[in-house]
Amino acid sequence: MRRIGVDIGGTFTDLVAFDEELGRVVSLKTLTTPREPWRGVLNALAMLGWSLDTVEVIVHASTLGTNMFLGQEGLEPPEAVLVTNEGFRDVLELGRQARPTLYDPFFQRPRPLVPRERRLTVRGRVGPRGEEIEPLDREAVRRIAREWCGRARVFVVSFLHSYANPGHEEEAKRIILKECPGAEVVASHEVDPAPGEYERASTAVVNALFRPLLSGYLARLLEELRRRGFRGTLLVMQSSGGVAGVEQAVERPAAFIESGPAAGAVAAAYFSRLMGVEHAVGFDMGGTTAKAVAVVGGEPLVVGEYEVGGRAHMGRKLRGSGYPVRYPFIDLVEVSAGGGSIAWVDAGGALRVGPVSAGSDPGPACYGRGGREPTVTDAQLVLGRLPEALAGGVLRLRRDLALEALTGLGEKLGMDLVEAAAAVVRIANTIMARALRIVTVERGYDPRRFTLYAYGGAGPLHAAELAGELGMERVVVPPMPGVFSALGLLLTDYRHDLHAAVARTAGEVSEEELDRVFESLAEKALAMLRAEGVPGNKIVMTRSLEMRYMGQAYSITVPYRGSLGEAVEEFHRLHEARYGYRLREAPVFIVAARLTAYGRTGKPRLPQGEPRPHRPEPRGRRRVYFEEAGWVEAPVYWRPLLRPGAEITGPAVVEEEDSTVLVPPGHAARVDGLYALHIERV
């Protein structure tokens with residue numbers, strides 16, 4: 001069996017392929033084609049050289065959804081109509097009144113995804129218990145469908161309390177489809193059957209707007225793959241850390257918005273389990289951004305809600321600056337510090353790095369593709385830390401152009417060339433350390449207990465310095481770090497997250513009722529996994545309850561193992577751990593029952609060996625600059641030649657085709673039985 005994972009990043013498109021018969025894993029990188037990302041996928045497959053009719057599965061990840069909601073040119077959402085209850089026309093605009101910048105008098109809320117003239121209301125009302133208070137005005141729905149048919153591509157129907165009784169939404173959808181055949185109609189209860197009219201409406205709208213773009217993109221990609229002989233299955237990575245078929249991606253597109261970064265988190269969790277590491281941080285630095293995720297007990301932390309297209313400040317998502325989506329997302333923190341981040345001098349004469357990135361076109365100055373602005377990659381090249389070529393020779397680096405760019409920056413700052421380059425790296429490290437603190441300290445964890453897993457093309461170059469800043473004792477650079485997210489695609493299981501509203505206190509619901517709800521969800525999940533070809537003996541399901549104290553705005557998800565009493569007790573414990581107190585006498589409100597269904601997949605057999613301590617021979621030396629030691633003649637090692645048990649004393653550089661590892665002075669590195677490189681302070 002042959003399986004391929006392809007991850008589209010901001011600068012590079014990464015590919016990892018696994019041939020089960022030969023037991024061989026192959027990787028490569030090619031430049032991303034931002035305007036037509038599917039071309040980057042096909043370019044990577046062409047470079048691989050495999051006949052696609054021999055490939056059984058291709059797993060794909062991209063940031064198409066994120067780019068659309070951030071306003072990338074050429075990814076404009078389609079025109080949509082929102083049909084809702086009379087009096088609730090402005091639900092998308094009112095939201096929750098969360099202000100991302102509390103004291104900013106000039107703050108403007110994000111532009112509604114559906115403008116007011118296309119938000120239309122009808123009479124009809126369902127109560128919170130599912131009772132019909134007022135019949136649906138069918139004629140009003142019919143008039144809306146006739147008036148807007150042909151003018152709007154998408155209809156979204158979101159009525160109050162449809163999670164308790166979806167009858168009005170189902171009826172409105174039938175009417176619209178009858179009056180406007182071929183229209184795209186999304187009902188809110190189909191995508192988010194839970195209380196909270198604003199979040200449910202927003203999730204439905206995001207699904208509706210992203211669906212045509214994602215379905216068109218996947219259809220085009222699949223068509224091109226079929227033309228080239230591919231007869232296997234195309235799977236898509238979800239933001240939750242699982243994969244699903246194309247049909248499920250088109251049905252619930254909002255679940256696939258942050259698919260690329262999630263794959264790296266899955267791979268970091270996989271290696272932490274193999275190594276028995278309880279607390280880990282996955283750190284991914286690419287060409288455009290750097291991302292961090294906490295992994296506890298072998299699983300990446302997951303949140304139940306995410307804001308698409310929102311803004312961030314110092315790595316923190318500004319609540320209220322984007323569009324809420326209620327689907328599970330891996331809890332990633334992203335900062336604008338990548339290899340292509342541009343260094344510049346602000347109006348006050350201070351050196352800044354990012355948020356603007358040179359990307360892949362034109363790229364850093366040293367790429368020789370027309371870029372003139374100094375970047376983090378240019379600074380690292382000037383400091384002697386990078387080789388002459390990147391991505392297996394795809395890019396030949398021009399040191400002369402990097403020197404020219406950094407010289408101009410140094411003149412503006414009154415620094416010499418080396419000082420300016422070192423300052424750029426130091427500021428980039430400060431920005432990225434902030435992301436690591438957010439996923440540890442601000443989540444209630446001590447970073448000194450964590451191991452840092454560094455990957456991405458640039459992650460291993462900065463990892464040891466970042467770990468030192470946070471007091472982390474160990475850095476692990478896994479095999480194939482530059483294409484680690486693509487490798488994560490081949491380590492990922494099928495996953496489907498389903499939920500149903502409960503909306504009652506724990507005292508008002510019985511365990512028998514909850515069992516019936518979970519059995520209904522399990523039937524749906526089982527049908528989805530079987531449709532994707534997952535055998536019954538590979539299916540695993542977990543149950544949980546979303547709970548909060550009565551009147552609270554935020555919920556905690558608690559595992560449910562069949563005992564409601566135990567779940568309530570666990571909720572009290574988790575609440576106290578997170579917020580510092582518990583309310584024993586307060587009613588515990590169950591928002592929803594949640595079921596996660598996994599379809600276990602076969603994993604690539606990665607190389608392993610018996611560690612035998614030895615000192616490898618470097619393949620050369622070059623001058624490398626370190627702030628604490630100045631210029632030193634550092635040995636340079638070629639990682640593919642390093643065997644398990646190899647021991648290296650810093651300062652040193654370890655090169656491979658897809659990444660470069662820096663071992664600073666005062667550090668030592670060793671290769672373990674999984675061919676991972678461990679770096680520790682001596």
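The dialogue below sets computed values against the definitions behind them.

Tutor: Please bear in mind that this model is predicted.

Student: What makes the protein as compact as a globular protein of its length?

Tutor: The protein has 16 helices and 39 strands. Its radius of gyration is 26 Å, and the globule rule gives 26 Å for 682 residues, so the protein is as compact as a globular protein of that length. Along the principal axes, the C-alpha atoms fill a box of roughly 80 × 55 × 50 Å.

Student: What share of the residues of the protein count as buried?

Tutor: The term requires under 20% relative accessible area, and 58% of the 682 residues count as buried. The accessible surface comes to about 28200 Å², with 48% of it belonging to carbon and sulfur atoms.

Student: How do you know that the span of helix α11 is close to the expected one?

Tutor: Helix α11 covers residues 399–413, which is 15 residues. The expected span is 1.5 Å times one less than the number of residues, here 21 Å, and the helix reaches 21 Å from its first C-alpha to its last.

Student: Which residues of α11 are called buried, and what do the buried residues pack against?

Tutor: The buried residues are Leu 401, Ala 402, Ala 405, Leu 406, Leu 409, Gly 410 and Leu 413. They pack against β23 (341–345), β24 (351–357), α10 (376–382) and α12 (417–439). Contact here means heavy atoms within 4.5 Å.

Student: What is found just after α11?

Tutor: Gly 414 takes a positive phi of about 75 degrees there.

How values were computed: Residues numbered from 1 in each chain as written. Predicted model: local features only at pLDDT ≥ 70, side-chain atom pairs only at ≥ 80, totals over all residues. Heavy atoms only, no water. Helix = DSSP H or I, 4+ residues; strand = E, 2+ residues; numbered from the N terminus. Rg over C-alpha atoms; globule rule 2.2 N^0.38 Å. Buried < 20%, exposed > 50% of the residue type's maximum accessible area, 1.4 Å probe, protein only. Areas by Shrake-Rupley, 256 points an atom, 1.4 Å probe, with all protein chains shown as cover.
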